[in-house]
Structures are given as structure tokens and as C-alpha cells.
Amino acid sequence: MEDTTDRIARPWGARAPYGRHETWPTRVDTFLAQGVEPGAVQRWVQSASILHSDGDAMDVAVADGRMVGVRGRDADRVNRGRLGPKDLFGWQANASRDRLTRPLVRRDGRLVETDWDTAMDLVADRSRALLDSRGPGSIGFYTSGQLFLEEYYTLTVLARAGIGTHHLDGNTRLCTATAAEALKETFGCDGQPGSYDDFDHADVIALFGHNIAETQPVQWMRLLDRLEGADPPRLLCVDPRPTRVAEHAAVHLAPRVGTNVALLNALLHETIRHERIDRDFIAAHTVGFEELAARVADCTPKWAAEICDVPAALIEEAAELVGTTDALVSTVLQGVYQSHQATAAAVQVNNLHLIRGMLGRPGAGLLQMNGQPTAQNTRECGANGDLPGFRNWQNDAHVADLAKVWNVEPETVPHFAPPTHAMQIFRYAEQGSLRMLWISGTNPAVSMPELSRMRSILSQERLFTVVQDLFLTETAQLADVVLPAATWGEKTGTLTNADRTVHLSLKAVEPPGEARSDLDIFLDYARRMDFKDKDGGPLITWDGPESAFEAWKRCSAGRPCDYTGLSYAKLRDTSGIQWPCHDRAPEGTARLYTDGIDWAHPDVCESYGKDLETGASQEVVEYRSLNPDGRAMLKAAAYLPPHEEPDEQYPFQLTTGRTLYHFHTRTKTGRAPQLNGAAPDVWVEVSAPDAERLGLGEGDLVEVAGRRGSLRGRLRVTGIRPGLLFVPFHYGYWDTGGGSGPGPDTPGRAANETTVTDWDPVSKQPLFKTAAAALTLVERGDGRPSPAPTTTASAPAAAAVPPTSGGPAARTTEREPAGFPHGSEEGAR
Amino acid sequence: MNGVNLTLRTLHRGERRLAHELVTVAERHTTEHEVHHVATDLARWSREHVRRLAQTAAERGVRLGEAPEPSSDGVFATLREKASEAVVHRPEPGLLLLRDLRELHVAAAENSLHWEMLAQAAQAAQASRDGGLLALASSCHPQTLRQMRWTNTMIKNLSPQILTSL
């Protein structure tokens, strides 16, 4: 059976219902550029998506040295052949005419083209001069969640052992830092406990601030297929927006933003009060239950109802749902991670699973999700404010072990304080102690909070900025040196998704012009800097992706994220494999903690933990006395109100977020015609009662102003929670007349003009979900609808708006194989 | 029981002072965002301690004052915030920040010792009528210790960069 579907209009495609404990049927999604017949494809090259954290495996179609399409890999455990809209259409951006093809350097205030030697010598000369005059603390690196493992690992070695700086972090600080921190606080160590396969077995799936329909559309297809099959799961949705998940939920809670801890404490209160707990599991595997029970003793649904502004009866219903099921899967994402008290809230979800004994077996899974495609690699390679391989910077034995792997003295690797997080790196740049910042694969001039501040930091004369990217982004426009990078499909490497599945992504085509892979750029820099190990040999001993992967395997050996059982050849033969993968688990590991808590012992844990309210670090002595046997830790937290509350001048709460059709700051998705057409410009969502009260309607041009800045967009009236505004964060200035920011003729367009510089003191993840704002009319609409998609959480509440569609250019083939060719997947068992 | 009343009074003064100092430091370092926000949150704990101390003292017939307002300094608060914004691009305020964190730590340490004394006195007198005192000390003292841990952590994390970049 073969069919074509407009996958902009129907983003999740056709349904393939399946029952509980059955295997998710395969369906191979294929999209070829218009005019390309299947027979014209000369090669299919193995890869996986880098436009979200799901890790959808795909093959890239190549004809005459060009990418001409993509096809889902039916053999893969993650997506079983399916692709989401960004997977299907995003690749086209690679061939954009405005790709950077030569290095640029700033001369007399302007960026001009130059050759690689000139650009790299400039970077190396400045690095050496700063090392001599100001020391390693004057140099910082800000990387991405979109490079490959091999690139992060190389960057980590050169930054931490070559330069010897503390200042290396990723933009993963904005998307996944809380996932890592929450796992460290509870389990002593990072590492996703659950598996996507748990969706096949779950009875209740609770999604906390996780709009999975738009962040991981392929897993949403899986849930939709289960919802239409036998013994479907019941969903709990916690989200202030009318998402697709909310539409399908058995219970939907739309709390006031910034109140997650209150809500979760009430769920824990009910779970304990009704004795819906697994006392044996608690006794065998946890510490801290008595304190947790005491701390939530007063957190009744009635108490939380006041704070969260949701009915107490609905909280009780939600508590019953998660408290009485025999198979609970919970997922957590940005609604929790980008709110204040991020870690405290995420940890309460861990607590719910621990006291209910919902861990380490099929359908009893915990997924602290990631935002970006390779965020997991940023974390495990030590490019995200941690040491590589989840080693503990406070544990001298761990540092010595790492130094041995790198053949350097332990003192070479800075570990006198935690690695500097991104928000603090930018602060050091602001106050002038950091003089060189190398930004790879990310666009802080649009993605960071409080953009006027960000632009003022990046455009300082005294700060030498190097930007490595595909396009002349808003950030690149402010740089001193711009390095043209090759991207996905133009280079080889591995990437690991949110459920620990490692994929290989092979080079399919040549990069444009003189663009080079990020790995080659880092290796070139390391050679120019002549970094040495303690015996005078080269610090970095590899020269390409596969040898970098082999080096990483040695660094990961014996650690929780053990890659030693993997190789490029194995990944090529079998598609995605979940770490840890070593000689005792050669096929990988579906779930962590199937037989107790492995990595929380004081001698092996990645972190001794922090105070969930202040972020203060604990020392080993405290950790040892609290958790001598290395169990999971039940940590309680009291609710604190958000720092910025609405007032007379700024009467709305403001939250930002993503839409299905775009990624990050749209550098790629904005250049893919189908995706750009589906959501071409910024919009503002408001609730129907608020719109009516203010006399505003669909398509009106409005201004959203906060204490720090403002933006303009066309209004969309939706079923969003009253009192709350939503603005998507993808839109910047590269496709306006303004260049890198607003100007006299370019009003604010980026959501982050209005957001606040404030972060969770535990995970250091900035707040994008709790700001206060005012909404005013700029100009009445002219009858044209808001550019917001109608297919997603931004669907109009009532107004008749033409439905979002992609037309013939978005027709995608969905092929459902007659038989079931791949018996090796776990769901079949 | 004059010793207990004296300790309550001293602690009341110390917590009032710490609440005020935390808010002042938050205002003086608006551009050090984590310090600004967490110090503001921590001031809340000290204000609550002041309130509960006053309540307990009143039950013993001793009158102590109210907690200070979150920011009672009006124009001075604004001045501090503006001053902080004016030097946003300078490294030198880092030294002032370290000094302020040190002072906060010392103030919290003094309070901690007074909580210790109060708890000890309460235990010695428990046979009579001071169960409430012990409960007060055991509920407030841990937060004072957490205030100290926070200042210590911030000093540990920030001082390497501040002190090696001047």
C-alpha cells in the first residue's frame, strides 16, 4: 500500500493502530525533491535527524553529488521508518545559496572574506596572546547541542586540557541542563533511566511541560497509534496551552506558569496520603522518604489549587491517574526546565516514580527529555559544564582518572570549582574578565534571554568573538572571525538522542565552497596551538571522526555512558543502539536501574548534589552521611513564587516556546520552503477572554512589551490559559532588513527581547517561561490571518482561518510494509 | 529566663540585619543575576525568622519589632541598582561582591551560633515550658545553615575568576 500525504497539513501522517505490549508497526516515510524519481537516487546514506532530540533514523538520498531527499530507516528502534516534518523538509537548507563558503575576518569594522590560514592564525595568535597576558580564564567556549560527539569531545580536550580553561559550556544550558541536574540530584549521576519502548507498555503517560506532538512528532505518532489501538494509554497533560497532547489527555492541567513545584508537591501529597506507594522499593532503593513525606504533608490539592489556579478536584484526578496505574511513564521538558525552580520541580517527578516503584521495567519509565539532537553528547563529552564521562569534578580520583586518559597531570584539568555555566561565561564577558569567546553552532544573539544585553556583550570592542556556523547568523554578524562550517550530511559523526540511542551519521555530499567540518576546525586549531600531553606528545592524537570516536570510547570506558561495545561498523550494520554498550551488554541497554541504583555511591557518583532552593553545593562528607550506600535520593523542595510577577503595568504572564515546524533560531528550517511557509513569521497567542476584554482579534498587529524590551507580531486567539501570552522563540532578524537586531525600521521580532536574565540556581538553566508583559494594539488586522500554524497548539479558538497546508511541495510517501520485517526490536518481546 | 529572652532579642536583631543586608546586596549587584535573585529569595527566610521570633517573644511577654519590608530604602535602593548597572562592564565590582558575600556569610554564621544557643537553652529548659522554642530553633536553624552554604558556594565559584583577572 502506498499513499502520499501533505505532511505540512497532516504532520503526523496516517495512523497504524497497535495494542499495549505489541510492537509499533513500521511505516517508511519518503520525501524526494520535486521531479526526482525514486530510480534517479544513486545512493542512500545512513544518518539521523539533527533538528530535535528524538533521533529519527533516516537515509539521505544522493544523486549527482547532491542531496535530493530523505527516507526513514524502518530497521531503527526509535522511529521505525517514520519521519517528522522537519526531518522530511529541513535538509533542503543545506543547499541554500547564502551558505558561508569562506572564512571572514573583521577589518575596519566590516567582515571581509579571507583564507583559512589567515583566519585560523588570527584565532591562534589571539589565544596565545591572551594566555600570556591574562591566563586561561580569559578564554571561553560556547558550543551547541547540534554538533557530533566527536566534535564535542575534541573541543572538551582542547579547552579543558589544552587551554586549561574552566569556561566551556553548550547552548544545551538552555535546553537540557535541568534534565542532567535532576538526574544527578536523584540518582547521583546523569543518564536517562527510561526508554522510548516504555511507550509501548505504559498504561498512563504523564507529560509535564512537554508538548511532545511538536517537540518529538515521531514519538507523538507512536502515542497516537497506541491511542487508537487496544488497551490504549491514558494521558496526563500539564501544559498551559491547548496542545495536541491536551486534546487527547484524560486529565489536562493548565497551571499558572511558575507553579510546577506546588502542583507536583500536591501530587506527591496525594500519593502518600492514599498509600499509593511501594514501601518495599522505597526501603530497598531510596533515602529521604520520611523527610519528603513531612515536606509535602501540608501540600494538599486545595493548597496547590490556590497557587496554580487549577481546580483542586482536577489535581486529585491527576493524582489518582498517576497513583493507581500499574505502569506509569513520565516525560519532562521545557515547561519544567525553563521555569524557575526547574530542578526542584523535575526532581519531584523523579520522586513520584521512586515512591511508586515505577522504574527499570517495561512501561515503568522516567524520561527527563532533551531539547536538542545531540544535547546528550554535549553532556557526556563534558562540553556542558561537566567533566567527560560523567566524572565528578569534586572527586580527585575521577579527575586523576581523566588526566590519565588524556596523559596530562591532574592539575592541568581545572577542577577547583564547577565548570563555568553559559550564563556566567557571558557575565564574565560582560564585565571584561573574559576576552575571547568562541561560539560554535549556536546563535546566542537570538536564543539567549534579554537580547539587548546579549548584543551589547557580543559587540564589545575588547571581546574577540569567533563564530563557527553555516550562515551569517545574527551572532556571526557581530563576530571578529567567522568560520564556515560543514553540517549534517556533509560530515561524519555520531549522535545520541534523549533515550541514549547512538546513531551514526555519514557524510553524503561535499560541503559548499571551503566550508569545513567542526571537527576539522577544532583539530586545525589544536595543531596551530601545539597542545602537548605531559610527555611532550600531541594532546590530541586523532585526525578524523572514527579515530575521535575510538578515543572517546577509551574515555567512556567503565563509566555509565560506556561506548566501548560500539564501533562505526556496528552502528552501520544495526542502526541505533542504546548506551551503555560494552562486553557485558553488547546489544546495548534498554533501561537503567533495572536492578537497583548503580551510580549513586559516594565513590562513583557524578555529583554530591546541591541545595534545590539555593543551588549551594554539597561536599562529599555530607553526601556520604546522607547516602552511604548509594541509593536514589528523595529530595524535597518548598514552593517559591516566581521572581517576576504580573503587575498593573505588565499584567500578563509571558511564556515562549517552539512550534512543530521550526528549530532553534530557524537558521535551517527558515530556509526550507515548506517549513517556512507553515510558520513564516512571529505571532502572539492570547486567550479568547483576554482578547475580548481588550477588543483584539485574529491578525491584529500587537506589541508585547516587558521590562527589558518589546516585539511585534500578529495576534492569534487560542484556548491558551487566560492571563498568559505565548510567543515562539524562533524568529530573529536575518530575514528582516535589520541584520542582527531591531533597528529604526525593524521593530523587535525575537521573543527574547522581552525575557529576563535569571536562571535556576541549581541547573543554571535560564528562565524562558516566566516573565511579565503588557499587550497593546499597534494596528488593526487587514483580514489576513496571523502567521501561526492551525495544526498545532497555536490553532485558533474560533476564528475561521484557512488551515495550514503545504500543497504539492509537501507530498510525502508513506509506505506500510505488508509483513513485519524487523523482529529484533524490543517491543516485540 | 532572661538569658533566653536575651538570645531571642539578639537573634531577632541578627535576622533583621541579615534580611536587610541580603536585600541590599541584591540591589547592589543587580547585574550579578544569580546573586541578585537568590539573595532576594534568601531574605524571605530571614524575614520569616524575624516574624516567628517576634511571635515567640510576644508569647513570653517580650515585645520585638516587625520584619523589615522587602526593600524599605526607597531612593537608596534605586541608587544602588543604578550604580550597579553603571559599572556593568567593569571587573572591579567583583571585589565588592566578594566582600559582600563574605559579610553575608559572617552575619549568617553569627545567627547560626545564636540559633545553636537558643536550641541548647531550650533543651535545658524543656522540662518546664519551652517546647515551642526548640521547635522554632529546629525549624529555622537549618535555613540559616543553608544561607551560609550558599554564600560559601558563591565565593568558591566566583573568586577564581574575579581574583585572577584584576
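Which domains does the domain assignment of chain A give? Domain 1 takes in 2–97 + 813–828, domain 2 covers 104–174 + 374–578, domain 3 holds 177–369 + 599–633, and domain 4 spans 652–798. Bear in mind as we walk through that this is a predicted model. For chain A the mean pLDDT is 96, with 98% of the residues at 70 or more. A stretch to treat with care is residues 818–829 of chain A, where pLDDT stays under 50. Over those residues the model has 15 contacts beyond four places in sequence.

Let's begin with two of these domains. Domain 2 and domain 3 of chain A have C-alpha centres that lie 32 Å apart. Their meeting surface brings 14 residues of domain 2 of chain A into contact with 17 residues of domain 3 of chain A. Sorted by class, the domain 2 side of that surface consists of four nonpolar, five polar and five charged residues.

An unreviewed UniProt entry lists residues 42–98 of chain A under "domain: 4Fe-4S Mo/W bis-MGD-type". In the model, 9% of this stretch is helix and 35% is strand, while its end C-alpha atoms sit 26 Å apart.

As for its strand partners, β3(A), residues 43–48, runs antiparallel to β4(A), and six bridges join the two. To find this pairing on screen, pick A:S47, whose bridge partner in β4(A) is A:M58. Strand β5 of chain A, residues 66–72, also pairs with β4(A) in the antiparallel sense, again over six bridges. Here a handy pair to pick is A:A61 and A:G69, the latter in β5(A), which stand opposite each other. The hairpin of β4(A) and β5(A) leaves two residues between the strands, and A:D64 in this hairpin adopts a positive phi near 50 degrees.

Further along chain A comes strand β26, residues 710–718. Is this strand mostly covered or mostly open? It is mostly covered, with eight of the nine residues of β26(A) buried. Strand β24 of chain A, residues 683–687, pairs with β26(A) in the parallel sense over five bridges. Within that pairing, A:E685 has A:R716 of β26(A) as its bridge partner. Strand β25 of chain A, residues 701–705, pairs with β26(A) too, over five bridges, but in the antiparallel sense. There A:V704 stands opposite A:L711 of β26(A). A hairpin through four residues links β25(A) to β26(A).

On the chain B side, 21 residues are in contact with 22 residues of chain A. Two helices of chain B, α2 (33–59) and α5 (131–164), each contribute at least two residues to the side that touches chain A. Of these, α5(B) provides the largest share, nine residues. By class, this side of chain B is made up of six nonpolar, nine polar and six charged residues.

Technical notes:
Residues are numbered from 1 along each chain as its sequence is written. Chains are lettered from A and ligands numbered from 1 in the order in which they are written. This is a predicted model: local features need pLDDT of at least 70, side-chain atom pairs count only at pLDDT 80 or more; totals for chains, interfaces and linings use all residues. Two residues are in contact if their C-beta atoms, placed from the backbone, lie within 7 Å. Ala, Val, Leu, Ile, Met, Phe, Trp, Tyr, Cys and Pro count as nonpolar, Asp, Glu, Lys and Arg as charged, and the others, Gly among them, as polar. Two strands pair if DSSP finds at least two bridges between them. Domain bounds come from an automatic or database domain assignment. pLDDT is the predictor's confidence in each residue, from 0 to 100. UniProt positions are given in the numbering used here, feature names are shortened, and annotations may be inferred rather than shown by experiment. A residue is buried if 20 or more other C-beta atoms lie within 10 Å of its own, exposed if 12 or fewer, and partly exposed in between; C-beta atoms are placed from the backbone.
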